[in-house]
Amino acid sequence: EVDLAAGGFSLEVRKNPLNLEEAAAIVQAEDLREVSAVAGKLRHYGKYGILHFRQGRNVRKSIPESDRGIVRNLDKTPVGIAVSEPRSFGDIMEEIAENRVVYVGETHVRMADHQLQMRVVRALYERHPELAIGMEMFPAGVQKTLDRYIRAEIDEREFLQEVDYFENWGYDYRFYQDIMQFARRHRIPVVALNLERDIVSATFRKGGIAALDQEIKDELPESRDLSMEGYRERLGGVFAQHQGPHFGKGMMSGFVQAQALWDETMAEKVADYLRENPDSKMVVLAGTGHVHKKTGIPPRVNRRLDVSQSVVVNARAGERPGKDDADYIFFTPAASLEQSPLLGVRLSNQGGEMVVTGFAHGKSPAQQAGLQENDVILSLDGQEVKTVEDIKIVLLYKNKGDTVTVKVRRPVFLFPDREKEIDVTF
C-alpha cells in the first residue's frame, strides 16, 4: 500500500518485491499538466527516492534508508537451540485456546500432521464450542455445499461429488475424513478458504495478476502484500525444488504473485468470518508454508483484523523450525495410511464414458478378474460411473480383501455390445 502525497506529482522508488535486483517506481499525478511540468526535471533528482512536486516546483525530496556496499560474512557462527522443559499437550491447548485463530500446518501427504490437526480441533472445541474450521482444501465456491454437508442435508458421497474433491484437491480424502465427520457430528462450521485453483495456476503461468481477465481481477483481494521481509526468499527455496517448463528462468515473479494471492485470499476469508461472527474462534488447516508465522496467512489476517493468533506445526526430520516459523512445535509419532484399493486400470474419457485402455504394470485386480481393454465401465456396486472421480468415491469405502462389482459394456466384433458384471477382489 502506497501513501503518496495528494495532488501535484509524486514519485517513490522502492525495492521491487518481484525482482530484488531491480527497483520499482510508483508514480501518482493529479493530471497531465503536472506530469509535463516535471518530466524534464526528474533526471536532476537521481539520488532521491521520494519526490513531490506542485506545478513543477519541488516541495519534498528525501533519501530513504538503504543498505550500502557489499556485505560478506567471513565467519559463519553456529546456530544453537535453547532446550526448554517439554510441556504437555493439554497445557499447550489451554494456552492457545485463548487465541481467536489457531493455525495447524500440514504436509498434505503426512498422516502425522493430520492426526495432530484432529487432536487440536477436538481440544479447542472442548474448550470453546463456538469454533469454526477454516480449510485450504476447499475453494470458496463450494461453501454452500459444505454447509449442506455439515447440516447433514447430504451424505458424504454426494458431498464429495458436488465439491469435485478429487478434481479440486486430489489428496487422499481419508486424511481429512475424521475431521470432517467430527465437524458434521457437532455442527462445527467449515469455512472454505481457498481461491479457485485455475486462478492461482493462471497467475503463475501468465507471469502475474496483470495478465488475468478483468472479471477475475475484480474478485481478487484488493489488499495484497508482496514485500514482507523474507517472503520472496522463503518462496525462492520452494521454487528451486520444483522442475518443469513452468519453473524456469523468469517464472519466479508469477510464482511469488500466485502464492501471495493464495495467502491473501485465505487471510481475507478468515478475517471476514471472524468479523461477521465476533463470538467465534477458528482453527485453520493449511499447508505449513501458508501458515508461516511471519510471512504466511497470520500477518495478513492481522493487517485486516487485530486478533490474537498461534501457529502449531509438527517437527519434521532434517528441519529446524524457528520462532519465525511457528509458536509451538510438536513431535507426533510417524503414522501412515494403508494403500487404498485400486482397480489397476488405465482409463480414457471418451464421449462421457470411461473406457479401459490398459492395465497397471504388475498385479492388476481388474485384469485378474477378467476386465479387458476397450471395456466401458458403466457402474461400480450399482453406482453409475461417468468420471474417474466417480470411481475414486466408490473405492474410498473399500478395504483390502473387499470385492466391488464392476458392470461393463464389452464390444463384440460383428455383434451387438454385451454387458457383463465382474466381481473384482482387492
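Mentor: First, a definition for sorting residues by class. Ala, Val, Leu, Ile, Met, Phe, Trp, Tyr, Cys and Pro count as nonpolar; Asp, Glu, Lys and Arg count as charged; the others, Gly among them, count as polar. Keep in mind that this is a predicted model.

Now the cavity. The structure holds 1 cavity of 30 Å³ or more. The volume of the largest cavity is about 60 Å³. Its lining takes in Ile96, Ala97, Asn99, Arg100 and Val102. Leu124, His128, Leu131, Lys281 and Met282 also line the largest cavity. By class, that lining has 6 nonpolar, 2 polar and 2 charged residues.

Next, the setting. The protein has 426 residues, and 43% of them count as buried. Its secondary structure comes to 14 helices and 16 strands. Take the contacts with a separation of 6 or more: residues 24 or more positions apart account for 63% of these.

Start with helix H3, residues 111-127. Gln117 is found there. Gln117 has a relative accessible area of 0%, so it is buried. The side chain of Gln117 makes a polar contact of 2.9 Å with the side chain of Glu106. Val104 sits 13 residues away along the chain, yet its C-alpha atom is 6.1 Å from that of Gln117. Leave aside neighbours within four places in sequence. Gln117 is then in contact with Val104, Gly105, Glu106, Ile179, Leu285 and Ala286.

Helix H4 covers residues 143-150. Its buried residues are Thr145, Leu146, Tyr149 and Ile150. Seen down the axis of H4, these residues fall within an arc of 140°, so they line one face of the helix. What covers them includes strand E6 (131-139) and helix H5 (156-162). Helix H7 (174-186) and strand E7 (190-194) are also included in that cover. After H4 comes Ala152, with a positive phi near 65°.

Move on to helix H11, residues 252-276, where Thr265 has its place. Thr265 is buried, because its relative accessible area is 5%, and the cut-off for buried is under 20%. A polar atom of the Thr265 side chain lies 2.8 Å from the backbone oxygen of Leu261. With neighbours within four places in sequence left aside, Thr265 is in contact with Leu193, Asn194, Leu195 and Pro221.

Arg304 is a charged residue by class. At 18% relative accessibility, Arg304 still counts as buried. Its side chain joins that of Glu264 in a polar contact of 2.8 Å. Not counting residues up to four places away in sequence, Arg304 touches Pro221, Ser223, Glu264 and Ala267, among others. Glu268, Ala271 and Arg275 are also touched by Arg304. Pro221 turns up in the contacts of Thr265 and in those of Arg304.

Arg304 is one of the buried residues of H12; the others are Ile297, Pro298, Arg300 and Val301. Seen down the axis of H12, the buried residues fall within an arc of 165°, so they line one face of the helix.

Technical notes: Residues numbered from 1 in each chain as written. Predicted model: local features only at pLDDT ≥ 70, side-chain atom pairs only at ≥ 80, totals over all residues. Heavy atoms only, no water. 1 Å grid on protein atoms, 1.4 Å probe; cavity = no way out; pocket = protein on both sides within 12 Å on 5 of 7 lines; lining within 4 Å. Points joined across faces, edges and corners; volume = space filled by probe spheres on them. Buried < 20%, exposed > 50% of the residue type's maximum accessible area, 1.4 Å probe, protein only. Polar contact = N/O pair within 3.5 Å; in protein donor to acceptor, adjacent residues only side chain to side chain. Contact = heavy atoms within 4.5 Å. Helix = DSSP H or I, 4+ residues; strand = E, 2+ residues; numbered from the N terminus. Arc of directions from axis to C-beta.
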